[in-house]
Amino acid sequence: MTTDRAARMRRHLEAEIARLGAAIGLKDGPTFENHDGARPFILVCGDGTLQYLALERGVICFSRTTRDPDELLYWAYADATATLALHWTNKRGLTGEKHLAAKWKRRATLLHSLNPEWAKRWRAELIETLGPEGEHHLVPTLPPPPATTTS
């Protein structure tokens, strides 16, 4: 990827991040700056790869790499909606299973509003993470897909 192409990709991602963040009221969304402290950020690399990573005291906490901008945005908004959902749920004073169920439902709703496929993917990943003995009764159902019309 040329420097010009990398710059265009970054501008595209910045525009998408602004659009998606505005859609869910996210004021402090994904960034391209390393603030350390395990806060995830995005790198657009000259070889065409996109990285989503976090550093803590200069040590990599996690790093994911893709060439697909949608994949990168999914990772970033799966994280961002977790924080939004937690704050939203905490304001309601819920505890225990009610807190967890409300947090997951809010997160699913936020992701669904951005991209229904992201919500579906996140839900499937959550179920897989919970394993066979997990709290599956707390996993939210998703709204049905939008109706399509046939001509």
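## Aromatic pairs

Phenylalanine 62 counts as partly exposed at 27% relative accessibility (buried means under 20% relative accessible area, exposed over 50%, and partly exposed in between, with a 1.4 Å probe and protein chains only). This is a predicted model, in which local features need pLDDT of at least 70, side-chain atom pairs count only at pLDDT 80 or more, and totals for chains, interfaces and linings use all residues. Residues are numbered from 1 along each chain as its sequence is written, and side-chain values use heavy atoms, with hydrogens and water left out.

Three aromatic pairs are found in a search of the whole structure (rings of Phe, Tyr and Trp, the last by its six-membered ring, pair if their centres lie within 6.5 Å; planes under 30 degrees apart count as stacked, over 60 as edge-to-face and the rest as tilted). Tyrosine 52 and phenylalanine 62 form a tilted pair, because their ring centres are 5.7 Å apart and their planes stand at 50°. Tyrosine 52 lies in strand β2 and phenylalanine 62 in strand β3 (residues 59–66), so this pair ties together parts ten residues apart in sequence (strands, E, at least two residues, and helices, H or I, at least four, are DSSP runs numbered from the N terminus). Tyrosine 52 is buried, with a relative accessible area of 4%.

The rings of tyrosine 74 and tryptophan 118 have centres 6.2 Å apart and planes at 65°, so they make an edge-to-face pair. Tyrosine 74 belongs to helix α2 (residues 69–90) and tryptophan 118 to helix α4, so the pair ties together parts 44 residues apart in sequence. Tyrosine 74 and tryptophan 118 are buried. Ring pairs link Tyr74, Tyr77 and Trp118 into a cluster.

## Helices α3 and α4

The axes of helix α3 (residues 96–114) and helix α4 (residues 116–130) come within 5 Å and cross at roughly 145° (axes are lines fitted to C-alpha atoms, for helices over the stretch in contact, with angles from 0 to 180 degrees between N-to-C directions). The residues of this contact divide into ten nonpolar, one polar and one charged (Ala, Val, Leu, Ile, Met, Phe, Trp, Tyr, Cys and Pro count as nonpolar, Asp, Glu, Lys and Arg as charged, and the others, Gly among them, as polar).

## The segment after α4

Leucine 138 lies in the segment after α4 and is buried, with a relative accessible area of 9%. The C-alpha atoms of leucine 138 and lysine 98 are separated by 8.5 Å, though the two residues are 40 apart along the chain.

Proline 140 is also placed in the segment after α4, and is buried at 8% relative accessible area.
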